[in-house]
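Here's a quick tour of a protein model, starting with charge and overall shape and then zooming in on a few elements. Have the viewer open while you read.

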Amino acid sequence: MIEWCGAVPAAEPWTSWFPAGRPGPGALAEHVRTTGHGRWWADRPAGPRSAAVTCARHAVLAGDPRTTDPAGLAGLAHHYVLAPDRFLPVLGAAFERIVPWERMIWVRHGPGRAARPAPAVRIRRLTTTDAPAVRDLGAGLAWITESWGGPAGVAAPGRAWGAFRGDRLLSLACVHFTGSRYEDLAAATRPAERGRGLATACVTALCTDVAARGRLPSWTCSRDNHPSRRLAAAAGFRPERRYVHYAVGAAVGPVVPRPCSTPRH
């Protein structure tokens, strides 16, 4: 597939492939379109027949898989891929392994249970000066910053709340993907600080900001991630539906660089 340079215009077939106003992974394409964090891919520059959008190691495929060369998907190696069943043969040909992973989409319908962190812990919005504190969470929790290009992006105003003990960030909740109707949230807590209600308090505070923007908070997690499910329930989220995405491994063939193109339709 060819990678786009610049934003993909709001025109067919893009709008039908990646419709706006959907929760969970449905907000990924809107996030890439509006923030510029992520990549667009298509089988050809003009009149594309199949396409992908990627951000933070997540990918969504759409279109006609018969027009998709498996070798062209090599750039999606080690991603979590959401795709219709019709893409499974081409995914199987493109990667050494594809592992189905059942996920859940939750939407917040009301206030959750009040979280009461220890008195020494302060829950507050992040500011741009908090980027070093986000970075200090360490490599194991760095995934939460990927959809904004790193710690500085997450710490931008309005995107995150944190639990602090002094200057040390213990837990972080942020907007992971932002859409026109839903903002999909994520949270990460230092292992030694888990089970103390910190993430719940941060998520609850962030939900207030999302509502003030006229949007709905959503949450996605693995069906088997029981701590994440408990957090979502405690923060007032309720399950909406399940879906399956695929954890793909290494590409079968070598990655062949493709030219970066500007949309012409």
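Let's start with charge: the protein chain carries 34 positive and 19 negative side chains, and the centres of those two sets sit 5 Å apart. Keep in mind that this is a predicted model.

As for the inside, 51% of the 265 residues are buried.

How does the radius of gyration fit a compact globule? For 265 residues such a globule would come in near 18 Å, and the protein chain has 19 Å, so the two agree. The C-alpha trace spans about 60 × 35 × 35 Å along its principal axes. The fold is built from seven helices and 13 strands. Take the contacts between residues at least 6 apart in sequence: 69% of them join residues at least 24 apart.

Now for a helix. Helix α2 covers residues 28-35, and its buried residues are Leu28, Ala29, Glu30, His31 and Val32. What covers them? The cover includes four strands, namely β2 (39-42), β3 (50-55), β4 (58-63) and β9 (168-178). Just after α2 comes Gly36, which takes a positive phi of about 80 degrees.

Next up is strand β11, residues 216-222. It's mostly covered, with six of its seven residues buried. In a regular strand, side chains alternate between the two faces of the sheet.

| Strand | Bridges to β11 | Direction |
|---|---|---|
| β6 (residues 98-108) | five bridges | antiparallel |
| β10 (residues 182-189) | four bridges | parallel |

Zooming in on individual pairs, Trp106 stands opposite Trp219 in β11. Tyr182, for its part, has Leu216 of β11 as its bridge partner.

Finally, look at the loop between α6 (198-212) and β11, where you'll find Gly214. Is Gly214 buried or exposed? It has a relative accessible area of 65%, and exposed means over 50%, so Gly214 counts as exposed. If you want a distance to check in the viewer, the C-alpha atoms of Gly214 and Ile144 are separated by 24 Å, with the two residues 70 apart along the chain.

Note on methods: Residues numbered from 1 in each chain as written. Heavy atoms only, no water. Helix = DSSP H or I, 4+ residues; strand = E, 2+ residues; numbered from the N terminus. Rg over C-alpha atoms; globule rule 2.2 N^0.38 Å. Buried < 20%, exposed > 50% of the residue type's maximum accessible area, 1.4 Å probe, protein only. Contact = heavy atoms within 4.5 Å. Lys, Arg positive; Asp, Glu negative; His and termini not counted. Charge placed at Lys NZ, Arg CZ, Asp CG, Glu CD. Pairing = 2+ DSSP bridges.
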